[in-house]
Number of protein chains: 2
Amino acid sequence: MKKLINAINDVVKEQLQGLAAAHPDLVKVSYEPRYVYRADAPVKGKVALISGGGSGHEPMHGGFVGRGMLDGACPGEVFTSPTPDQIYACAQRVEGNAGVLMIVKNYTGDVLNFETALELVHADGLQVQSILIDDDAAVKDSLYTAGRRGVGTTVLAEKIVGAAAEAGYDLDQCADVCRKVNRYGRSIGVALTSCTVPAAGKPTFDLGGTEFEFGIGIHGEPGRQRLPMQSADEIVEMMVQAILDDGPYTRSVREWDRRNETWVDKTFTDEPFKPGDKVIAFVNSMGGTPLSELYIVYRKMAEMLEQRGLVILRNLVGPYITSLEMQGVSITLLKSDDEILKFWDAPVHTPGLRWGM
Amino acid sequence: MKKLINAINDVVKEQLQGLAAAHPDLVKVSYEPRYVYRADAPVKGKVALISGGGSGHEPMHGGFVGRGMLDGACPGEVFTSPTPDQIYACAQRVEGNAGVLMIVKNYTGDVLNFETALELVHADGLQVQSILIDDDAAVKDSLYTAGRRGVGTTVLAEKIVGAAAEAGYDLDQCADVCRKVNRYGRSIGVALTSCTVPAAGKPTFDLGGTEFEFGIGIHGEPGRQRLPMQSADEIVEMMVQAILDDGPYTRSVREWDRRNETWVDKTFTDEPFKPGDKVIAFVNSMGGTPLSELYIVYRKMAEMLEQRGLVILRNLVGPYITSLEMQGVSITLLKSDDEILKFWDAPVHTPGLRWGM
C-alpha cells in the first residue's frame, strides 16, 4: 500500500486538519467528537443541514460544508459510519432555531446511527427531520444496505437543499425538496480497479488486469456483474441503459413523523425517466480516474441521452463522491424542474463546490 | 491497460468533444486544426491569452479556457507538443485587436513550436508576445527540457494573467505580470505510481510497490531520486525544503523583443523564498491521488511554512495539472503581492476553475 498518509489511525484526523487549515473562512472542525461545521454556524433562522458517513469519499461530505450547502458533516473512519454522539454534537452546534435536516445515505450503519441521533436531538426539544438517499439503480440489496444504496444523488441533494435552506425554506419544505431530489435521481457506477482501505492495507477486491465491475458501490461492494474490460462507449452504453431502462421503483423507508413524534414506514413509487425529461447530468470520478476520461464518458452519455429524448440542462463533471483512489466512474441523472434548477444555480461556496461567490 | 477510452487515436478528440458538450456556454472546439477557444471569442479590445501543450494534464489547458482565464488552448496528442499550425490558427481565432500573449511551459517541443507560431502570427501583423514558465525546482535539465520544466506555476499564471487581461491590461503589461508570476513561483512533485500513455499501452516507468520518485516531471520524466516509500510528513518535508532551500536561480530565456522584432536572450536571477513572504500555496494531485491525501499534504505543508515564517494568503487544492492517472502530488508556492492577489481573487468561470461567477 502506497499512500500519502502517516499513521493509519491518524488518516481521518489529519485530512480534517488539512481541510480546516486550507479553508478557515469556510469551515471549522471539532475533533472530539469529530465533525466539520460552517465557520459562521449557527446561522440564525436558517434550517441547519447536516450529513455524514464513512470517510474516503472526499470531498463528500466535509468538503460540502460552507455557504449554500451543508452546515455540518460527520465523518466516520474510512468506510465506517459516524456514531450517534458525533451527529448529535454536530446538530447541537449548527442548529440556528429553525431545525435540523439530516441527509442520510442508505447504508445500514448510517441509517441506524442517524436515527439514534435524531431521537437524541428530538429529545432536546429541537425540530429535526431526516431524509434517506437511495438512488443506486445497480442493486436492490447489497453488502452494506437493505434497499438501494445512497450514492451520487447525495451530492446533488446537498447542493439543492442547501440552497433551499439558504433561501429561507422551513424544515418541512427543505425535507420536501430533499425527498423530491432523491425520488428524481438515479445512479450507476463502475470500477476498473479496487481501492485500498488504509486499515486493511491491501485492495478490497482484485479485479485483475482485464475486468471491470459493473454496478459497483462506493465502498467497493460488488455490483451487478464482473465483465471483461470493454471500450468506454460500450461501458457508458450499459450504464446509461441501466438508468434509463430502470423501471418504476418502489422504495420503502422509515421516516420520522414530526407531528406524531414517531417513526413511520412509508413507500413511494417513482416513475422511470422518459423522453422529454430535463435532467442534471453528473459524471463522477471514483477518485483515481482522471478528468480526461470523464469527458470521454460525458460525450457518449450526452449522445445517448439526446437519442433517448432527454435534455441535459446542467451538468457536473469531476471527483465529488469518491472511493479513495479507486479507478472508475459513476453517472447520476436527476430529473429537474424549475425549483430544482433555481436551487442548483444558486451561489455556493464550499471547499469542494463553488460558484457564484 | 484499463482506461475509459475508445480507439487510442480518438482519445484526445473524444475528450474535447466531451468538454465541448459539457460546457457549450464557455468553450468551443476546432478539430482541424485542434484547439479550444472561448465561446465568445474574439473578445474585442482584450489581450487574447493562449496556451497549450501535450494532452494528459487535464483540466490544464483546455479546461482553463473561459471567462477570466484563457482565450484559447492548443492540445497536442498525449504528452506531445501541439504543432505551430494549431497555435497559429488558435491565435487568429481569438485575437481581439489587442494582441496575443502565449503562455508556454518550458519543454523543448513546446518552446520550438510556440516560437514558430509566434513568428507566423507576427508575420500577419498582429501584436504577439510569449512568456516561458520554468518553475520546477526539482531539476536543472531533464528528458524533455533544457533548463527547468514548466509545471504548477502555469495554472496560477493562467488565472492571474487571465484576470489582468480581463481588467484591461495591455499586451506588455500582461507579459510583465506573467513574467513576474513565473519568477515568483517554484514547484516540486513526487510520484507514487507511473501513468500509462494510451499509445504506449504500458506504464511509463516501474516504481514497484515500495518506492517513490522525488522531483518527478508531469510526463513521468525521472526526478531527482528514487527513494523507499516514506510517510506523508517525511515526503512533504522533503518537498517543502526543496522549494524553500532552493537558492537564487538564474534563468536564461529566449524572449521576443517586440520593438526590434527579433528574439533576444535574457537572463533573470531570482531570489529564494524568505521569512515574511506571502504566498499562494497550491497542492496538486497528479491525477490518481485523491483529495483526502492532498489535505494530509496541505496540513504538513502549512505547518512547515508557518515554522519558516511564510504566510499563506490563498490556496488551491485539487487536480489541476495532472499526468493522466498517476498517483502523486506537487506543491507550488507563489510569492504574492497586491497585484497578484487582486487578479487571483478576480472572478473566473472555466470548466476547470470557477469562482465569483
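Buried means under 20% relative accessible area, exposed means over 50%, and partly exposed lies in between, with a 1.4 Å probe and protein chains only. Keep that scale at hand for this tour of a predicted model, where local features need pLDDT of at least 70, side-chain atom pairs count only at pLDDT 80 or more, and totals for chains, interfaces and linings use all residues. For selections, residues are numbered from 1 along each chain as its sequence is written, chains are lettered from A and ligands numbered from 1 in the order in which they are written, and side-chain values use heavy atoms, with hydrogens and water left out.

**Stop 1**

Start with B:D277, which counts as buried at 6% relative accessibility. While you are here, select A:D134, A:R183, A:R251 and A:D270, which salt bridges with shared partners join into one network. Over all chains, the search finds 54 salt bridges.

Next, pick A:R148 and A:D246, whose closest N and O atoms are 2.8 Å apart in another salt bridge. A:R148 sits in the loop between β6 (128-133) and α4 (153-166) of chain A, and A:D246 in the loop between α6 (232-244) and β10 (249-257) of chain A, so the pair ties together parts 98 residues apart in sequence. Helices (H or I, at least four residues) and strands (E, at least two) are DSSP runs, numbered from the N terminus. Both A:R148 and A:D246 are buried.

Now go to A:R299 and A:D233, a salt bridge at 3.1 Å, N to O. Here helix α7 of chain A holds A:R299 and helix α6 of chain A holds A:D233, so this pair ties together parts 66 residues apart in sequence. A:R299 and A:D233 are buried too.

**Stop 2: rings**

Aromatic pairs are rings of Phe, Tyr and Trp (its six-membered ring) with centres within 6.5 Å; planes under 30 degrees apart count as stacked, over 60 as edge-to-face and the rest as tilted. There are 10 such pairs over all chains. Show A:Y35 and A:Y37: their ring centres are 5.6 Å apart and their planes at 50 degrees, so the pair is tilted. A:Y35 is buried at 7%, and A:Y37 is buried at 10%. Then show A:W256 and A:W263, an edge-to-face pair at 5.2 Å centre to centre, with 70 degrees between the planes.

The charged end of B:R148 sits 3.7 Å from the ring centre of B:Y249.

**Stop 3: the largest cavity**

Finish with A:Q15, A:L16, A:E58, A:G62 and A:G63, the closest to the centre of the largest cavity among its 22 lining residues. On a 1 Å grid over the protein atoms alone, a cavity is a set of points where a 1.4 Å probe fits but cannot get out, and lining residues have an atom within 4 Å of a point. Colour α1 of chain A, which gives the most to this lining, with 4 residues.

Key: A charge sits over a ring if NZ of Lys or CZ of Arg is within 6 Å of the ring centre and within 35 degrees of the ring normal. On a 1 Å grid over the protein atoms alone, a cavity is a set of points where a 1.4 Å probe fits but cannot get out, and a pocket is an open set with protein on both sides within 12 Å along at least five of seven lines; lining residues have an atom within 4 Å of a point. A salt bridge is a side-chain nitrogen of Lys or Arg within 4 Å of a carboxyl oxygen of Asp or Glu.
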